[in-house]
Amino acid sequence: MRRYGRFFSLKQMLRKVPVPVLIIGIIVVILCPIALLHFSSNNQGGNTLLNDIPVLRKNEKERKNYHENKSWLRNPFLQQPAGGGFRSPELLDGVPVEWSQQELSRPVVCPSVARLASKPSFDLANLTFTLTDLSSDGDLGIWDEEMDAAYHKTPKIKSTSDTGKKPLLVYVVPFSHADPGWLSTVEEYFSTSTKLALDNMLKRLLEWPDMTFIWAETSYFKMWWETLDAGKRKAVLDLTKSGRLEIVNGGYVMPDEASCSAYAILHQYIYGHQWLLDNLGVTPEHGFSIDPFGHSSSMPYFLRNLDFKTIFIQRIHYNIRRHLGKHKATEFLWEQRWDSTASTSIFTHLAPHHLYTIKNICGLTKNNCYFYDFKDIMFEIEKSQMETQAQILLEEMRKTVSLYPHNVLLYILGDDFRWAEDTEWTNQYKNYKLLMKLINSNPANDVIMQFGTLKNYYDAVFERSGTPDAPTPSLPSVQGDFFPYADKYEDYWTGYFTSRPFYKQMSRELERDLRTAEILLVLAKLESFGNDGADFQEDLIGLERAAESLGLFQHHDAITGTSKQMVALDYGDKLQNGLLMAHAVILKNVQRQADAERVDIILESYRPTPGSLPAKSPLFFKPGNMERIVFLFNPLARSRTTVIHLLSETQNLRITDADGREIAYQVSPALNDVDTQGSYLDVLRITFFLQLDPLALKAISIKSLGERTKKIKIKTRSTTTIRSTDRAGDKVKIQGFSVKELDPAELVTLTNAYMAATFRPEDGMLQALRTRKGKRKVAMELKRYESMNSGAYLFRPTGLGDLKPYPYTVRVLQGPLFSEIQTHTGGVVLIVRIYNSATDLDKSLEVELITQMEKLGENNELVLRLTTDIRNNLTFHTDSNGFQIIQRRVSHVLPMAANYYPATSMGFMEDDRSRLTLHLTQAHGVGSQRNGEIEVMIDRFLMQDDGRGVGEALRDPRVVKTHLQLQLETEGFCLDCPLKNPTDTAHRVNLAANNPPHITFEQEMSNLTTFNYEPVQSNLPCDVHLLMMKPVTYNPGDKRVGFLFHRPGLDCSTPRTSDLDVCLPGTEDILLGGLLKKAHTFKSYNETTFNFVNSRKRFGIKTPIRLLPMHIGAYTVNLP
C-alpha cells in the first residue's frame, strides 16, 4: 500500500502557488533566521534568570506547547497528526499563531474516557449503604432460620443414578496460612513453624499418594527452598508437576488490599511469580486471599491480568456475606464498573464461612465444626462416633453446597501456621480418610469426598457448570469493593487504614526509591556502561534485597499496622535496609551517568536510623571547596517544573544550570521538621524552581559567594519576610530574619496568580479559597476522636473534640517564590504552603503535618477535617490502590466508622461549582460525616487492644510527618458523568506529589561539571504514566526489561476556557520505539501479562501501543 502521495519537483510546486502567497513565504524565510538569532542572543550566558517571575509564565507556556505540539517532530516513530501532512505551528508567547482569539476562548472538550458497564446483579456500594442492621454477631455465620426452612423445603434427591445428575463432589484442600510477620517476626515464624510445615508437607506427600497441599506465600517458600538439597528440590518439582502441590496466589506475600498502591502490589507479584517460574517452572492460576481485612475492586483487575482464572476471597462485611448467601451468589463474576465489555471480570469464590479456620469451615451451623479438627487428639475415636459425625458432616456439606448453582464443594482445611507438627499430619490425614471412607462407601449418600487442590475444584465446577465465559446457569455479577469490613455488630475494621503511619510513609518512600533505582539501572544498561551482565551484578543484588523488603511490607499484617510492636520494629529495620540497598544503586548509577565513579556523591535526604524521619544533608562550604554539583533526577516520563528545597549554611549563592543560566532562589529559615517544637535549624532553606525533562538527570552548580555573615548583593536571591504571634520586643530575629508582629485581628491571605488562601491569625487555620471563578469556604480544623474501644484494627470512637487547649504559635513567611503559614501547638506542627511559579505547582496548597501523638494524650485519633460550602449530596470519592476512583455515600444510620474508607493517593468531593481534592502521599483513612465535609485521619494512639488477635495496644511514640496537597478546581470536571475521575490537572498534581525528584550532590568539590542527561526522546501521551520500568528478573544474564504503562481515566468532559494545557485522554498511542533515544537497539516488544510471564503478542518496535483509558499495559523488550 502506498503511504505517501506523489512527489513534485520544486519547480512544479512553485507554479501552483499564487504570487501573493509566494511573496509572503519569501518574507517569512528571510525574517525567521533573524528572529531566531535574536531569540538565541537573549538566551545565552548568565543574563537570563530561570524562575524570573515576569518571564516564567511565558517560558512555561512555550515548554508545554513545544512538547504537546512538536514532540512528534522530534520523534521519528510518532504518528502523524490527524489530517495527513505534518504541521509545525509557530509559537507566539506559547500559543500557535494560527489560533485566533476566538479559538482561544472556545471551550475545549475531551472525549469520554469510559462507559458505564451494565447494571450488576449486586452493587456493593448500594449494599453497604442499605444493609444497616448491625445487631448480629458475624461469628455466628450466615445460616439462620429462614435459610434453614428454605433448605428443608427443597426436595432432596436420594440418589443421582436415575436422574443423570452427578454426585456431590467434595474437595478437601489442606493449607497453612503463614503470615510473614504478625505476633512474631518472619524469621521466628519460619524457624518455629513454616519450615516444619513445608518439611512435613514434602515428607507426607511423598508418603501418601492421595494427599495434596496448597501454598500461597512465595517469601516463605523461597526461604524454605534455599534450605533444600538437589534431591529434595527435584521431589518438590515432581509434586508441582503432578498437581498435588499447588502454588496459589504466589505473590511475595498475600498483600493488604486497602493500603497498598498498585505499584507495590504488582511489584511483589512480579517478583514472586518470576521466582516461581525460574525455580519451579510454574506460575499460579488461582488467587487465594483469605486474610486481608476487606477486598479491593482493583484486585480482580490486577489478578485477571496476571493470568489468574479465579479468586478466592474471605473477609467481607457479615451482612453482605449473608445477603449474597441467601441469593445463592457466593460465586460470581466480579466486574469493573467502567468496563462495558466485562472483559476484565473474573470468576470469584466467596467463602460462605466468616473465617477460614478449621473450626468454621466444615459447615454453616455454629459450633458443629469443633469435632473435625483432629490436630491434638490423643486417642483413637470410636467407630460409632465417627459414623455419627460423618453423617453430621455430610448434612453440613449439603447445606453449604446449597448456596451454589452446582454440587461441587470446596472444603479448605487449615488455619494460621498449621500442619507444622508431624502428629497433626498423621491425625488429620488418618481421620479425614476415615470420614471420606464412611461417606463415600454409602451409595445412598452419592458423594465423592477426596483430597484436592483449588485447581481440582475449579476444573470440576467449570466442567459441570460451564466456564466463566459461558456459565450454565449464568453467574451473578458484582461491582464495587468490599470495604468497609465488619465482622460483627458495629465493629468496623477501618482503623487500620491509618495505623502506624510512620511505616506506611516509609513504605511509600522505599517504593519511590526502588522505582527510581530500577529506572536508573535500565538507563545505565541502555547506555552500555557495562560490557556484560556481570558489571551490574552488585546493583541487581541490591535491587533484589530492596524488592524483598518492599514486598514483605505489603503483607496484610505489616503495612496495616496490625502486628506487635516488636514485629513492627523488625519491619522498620527491613524497610531501612531496603532503602539503603536502593540508595546504593541510585548513587552508583548517578556516578555512572556523571562519569564520576571516584567522586563521593551523597543523598540530599536520608533516614539516619529505622526509627527516624528523613533528614536533609546541608550544603557546607569552605575556602577552596566553594562549589557543589547537585544532581536532580526526574522519575516521571514527562516534563515538569518542580520545586527544590535545599539546606545551605550560607544564603550567598550562585545557582546555574548546564547552559550557564542563573536560577533565582528564595532564602528562608529552615524549620526542624523532625520534631514538634517548631524550632529552627542553624542552616538556611534555599528554594527554587527547576524544569526537568522526562527521566532526565540534571546536574546544576551551587557556588558559595561568601559566608553567611557577609552582606553580598545577589540579583537572583530573594528573601522572606516573617510575621509571628510570639514576637516579643522590637529586635526579634529567627535565624537572622527580622520578625514583625502578626496582627491577631487581621486575616492572613497568601496568593498566587491562580488562587488566594485566607487563614485565621489566631490559630493559622485555613478558612477560604478564592479562584478566578469565586470564593469557597474551606475551613481546616484539627480534631481528635476519643475512644475506649478502638485498637489497631477497629475504629470505634466515643466522641469528637478539639485538640487540647495548648497555646497556638502562628508564623507567616512570605516571599516571591513561595509563602507559608506555620502553626505550632502541643504535639502538632501544621504548615500550609503556596507557590508562585506559573505552573501546576500553583494549583494546590501544600500541607505538612508533624505530629507526635504521645503528647496529645491517651486514646486519641487525630484527623484533619475540611468543612466547606460544597453541596456534595453526602457523597465523596476515594481512590482504590491509586488505580481507580470509587464513589462513597455518607450514611447517618451507620456509625462514623462505617463512613471511613481506605485511600492511597486521593479523595475528593464536588458540587456543580467546585471540586475539592485532597492528594495523599501515603495510605490513610478518609471519611465524612456531613454534607460539605471530608476528613483524613493522620495518626492514632490507643491504650487498649481491640480483641482481634494482636494482643497489644497501639502506642507508637514516633514523630510522624504527613504530606498532603489541597486542590480546588472550578472547571474541567464532569457534573453528571456516572463515573468520576480526577481531572488531567489533578492527575499531574498527584503524580508530582507522589514522585518528587531524587536529589544527590557531591560531598566535596571535584572536577565535575554541570550537564543534562536526557534519555527520553519524547513525552508519553499526557494521560499515560510510566508505572514501572525494571529488569524483569534480577538475574545478571537476563536482558529483558519490563514496562508497565497506566492510562487512568481522566475527567475533563466539561468545557474549559482557561487552561491551554488541557489533556485529551485516550487520543494518542504510546510509541515504545520512540520513547527512549536508545530504543533503536530494540527490535521488537512483547505484550505480556502484568507479571511479564506470559506473552500475549509480539510486535515490531515501531508498532504503536493502543492502551485504553482505565487500563494498565505490560510489555517487555530485550536489551542487545
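This is a predicted model: local features need pLDDT of at least 70, side-chain atom pairs count only at pLDDT 80 or more; totals for chains, interfaces and linings use all residues.

Biologist: Where does Thr867 lie, and what is Thr867 in contact with, leaving aside its neighbours within four places in sequence?

Modeller: Thr867 belongs to strand 39, which covers residues 860–868. Leaving aside the neighbours within four places in sequence, the contacts of Thr867 are Lys777, Val778, Ala779 and Glu781, together with Gly932 and Glu933.

Biologist: Stepping back, how many helices and strands does the chain have, and what share of its residues count as buried?

Modeller: The secondary structure of the chain comes to 21 helices and 54 strands, and 62% of its 1120 residues count as buried. If you take the contacts between residues at least 6 apart in sequence, 75% of them join residues that are at least 24 apart.

Biologist: New topic, then: how many disulfides does a search of the whole structure find?

Modeller: Such a search finds two disulfides. One is formed by Cys362 and Cys369, whose sulfur atoms are 2.1 Å apart, and the other joins Cys974 to Cys977, with an S to S distance of 1.9 Å.

Biologist: Which hand does the link of Cys362 and Cys369 have?

Modeller: The link of Cys362 and Cys369 is left-handed, with -85 degrees about the S-S bond.

Biologist: And why is the disulfide of Cys974 and Cys977 right-handed?

Modeller: That is because the torsion about the S-S bond of Cys974 and Cys977 is about 90 degrees.

Biologist: Are those cysteines buried or exposed?

Modeller: Cys362 is buried, at a relative accessible area of 1%, and Cys369 also counts as buried, with 1% relative accessibility.

Biologist: Now for the helices: at what angle do the axes of helix 17 and helix 18 cross?

Modeller: The axes of helix 17 (residues 501–526) and helix 18 (residues 537–553) cross at roughly 150 degrees and come within 10 Å. Over 145 degrees counts as roughly antiparallel, and therefore helix 17 and helix 18 are roughly antiparallel to each other. Helix 17 passes helix 18 in a left-handed crossing.

Biologist: Which residues make that contact, and how do they divide by class?

Modeller: On the helix 17 side they include Leu510, Leu514, Ala517 and Leu521, and on the helix 18 side they include Leu540, Leu543, Ala547 and Phe553. By class, the contact of helix 17 with helix 18 has 11 nonpolar, two polar and five charged residues.

Biologist: One last thing, how many residues of helix 8 are buried?

Modeller: Helix 8, which spans residues 218–225, is mostly covered, with seven of its eight residues buried. Among those buried residues of helix 8 are Tyr220, Phe221, Trp224 and Trp225.

Biologist: What covers the buried residues of helix 8?

Modeller: The cover includes helix 7 (186–207), helix 9 (230–242) and helix 10 (262–280), as well as strand 6 (213–215) and strand 7 (245–247).

Conventions. Residues are numbered from 1 along each chain as its sequence is written. Side-chain values use heavy atoms; hydrogens and water are left out. A disulfide is a pair of cysteine sulfur atoms within 2.5 Å. Buried means under 20% relative accessible area, exposed over 50%, partly exposed in between (1.4 Å probe, protein chains only). Axes are lines fitted to C-alpha atoms, for helices over the stretch in contact, and angles run from 0 to 180 degrees between N-to-C directions. Helices (H or I, at least four residues) and strands (E, at least two) are DSSP runs, numbered from the N terminus. Angles under 35 degrees count as roughly parallel, over 145 as roughly antiparallel, 65 to 115 as roughly perpendicular and the rest as oblique. A crossing is left-handed if the near helix is turned anticlockwise from the far one by less than a right angle, and right-handed if clockwise. Contact means heavy atoms within 4.5 Å. Ala, Val, Leu, Ile, Met, Phe, Trp, Tyr, Cys and Pro count as nonpolar, Asp, Glu, Lys and Arg as charged, and the others, Gly among them, as polar.
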